[in-house]
Amino acid sequence: MITEVFDLSVGQEIPSRTLPPVTRLDLIKYAGASGDYNPIHTIDEAAEKAGLPGVIAHGMLTMGRMATLFSPYLERGFIRKFTTRFKGMVFLGDEITLKAVLVDKHGDTARFDVTAVNQKGETVTAGQVEFCVRNK
Amino acid sequence: MWEKWIGQRSKPVTNPIERGAVAKFAQAIGDDSPLYTDEEAARKSVHGRLIAPPTYPMILDYGQIEGLKLPESGLIHGEQQFDYRRPLYVDEKVTCYETLRDVKVKQARSGEMTILVIDRVGEDSEGERIFTSTLTIIVTEAVKRRWMAS
């Protein structure tokens, strides 16, 4: 098992994770924890009124989950930069796989391409993380 | 129509980074790092104290840019960026404000699209920047029309 981000070479991946299917409760919990009560994320009628086929996950929930790939390495560093583009919607029941590939390392910083891909293979969110090793 | 607020800044708001709120947020995104909640583990880490998840700044209050009003529904969060100088610490107080950095209007298939870029900044008690959170918000022509008519 790889224990350090800097043991990876360019092109290698952090172990990817497939999350359990998105539930309404996930969205209700995120709404409560984040204070984002936009009803298109929790109430079917509101989503339909907005022209959506059903409630959609908060983009920021997916982004928050993407960052969890780096949590095993937080003892030694932190995410200095995290950029994402929300490309597609996430619906109830979607199974999201999170992936991070090392694209560059330089000095104290390792740069990754990070994606969230649904069960159909569509990239719903794509971004970059710069993980920075920190000295005590 | 929002161009005249470019460069305007909200009145800063001080936000405490609360332990319970951080724990609840970490749980909601399924982040089980002990560094958010376990003081012993946090002390042993390079950070020396409890930290908050990188997307946590979303929940803070950045104040209001005077006179700037946006549609309450139908906004699309197109892009998001966090830029940190150091991690955000639990139990610190952060002074937060936002600035409208840019407004662009583009022609899309579905009509005119307005793209707003908002920079949200968090500073420590010495006035040093901890993070900048940049939101790119898209307002479609349909949303803008509906909002202006209401």
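Student: What makes the area between chain A and chain B a buried area?
Tutor: Buried area is the accessible area (1.4 Å probe) that two parts lose on being put together, summed over both. In this predicted model, chain A and chain B bury about 2700 Å² between them, with 59% of it on carbon and sulfur atoms. Of the area that chain A buries against chain B, M60(A), R134(A) and K136(A) supply 21%, more than any other three residues. As for conventions, local features need pLDDT of at least 70 and side-chain atom pairs count only at pLDDT 80 or more, whereas totals for chains, interfaces and linings use all residues. Residues are numbered from 1 along each chain as its sequence is written, and side-chain values use heavy atoms, with hydrogens and water left out.

Student: How many residues are in contact across chain A and chain B?
Tutor: With contact meaning heavy atoms within 4.5 Å, 29 residues of chain A are in contact with 31 residues of chain B.

Student: Why is the pair R85(A) and E79(B) called a salt bridge?
Tutor: The term requires a side-chain nitrogen of Lys or Arg within 4 Å of a carboxyl oxygen of Asp or Glu. The closest N and O atoms of R85(A) and E79(B) are 3.3 Å apart, so the pair meets that criterion. The count between the two chains is 1 salt bridge.

Student: Which elements give two or more residues to the side of chain A that touches chain B?
Tutor: They are helix 1 (24-34), helix 3 (59-67) and strand 2 (77-86) of chain A, where helices (H or I, at least four residues) and strands (E, at least two) are DSSP runs numbered from the N terminus. Strand 2 of chain A gives the largest share, 10 residues.

Note on methods:
Chains lettered and ligands numbered in written order.
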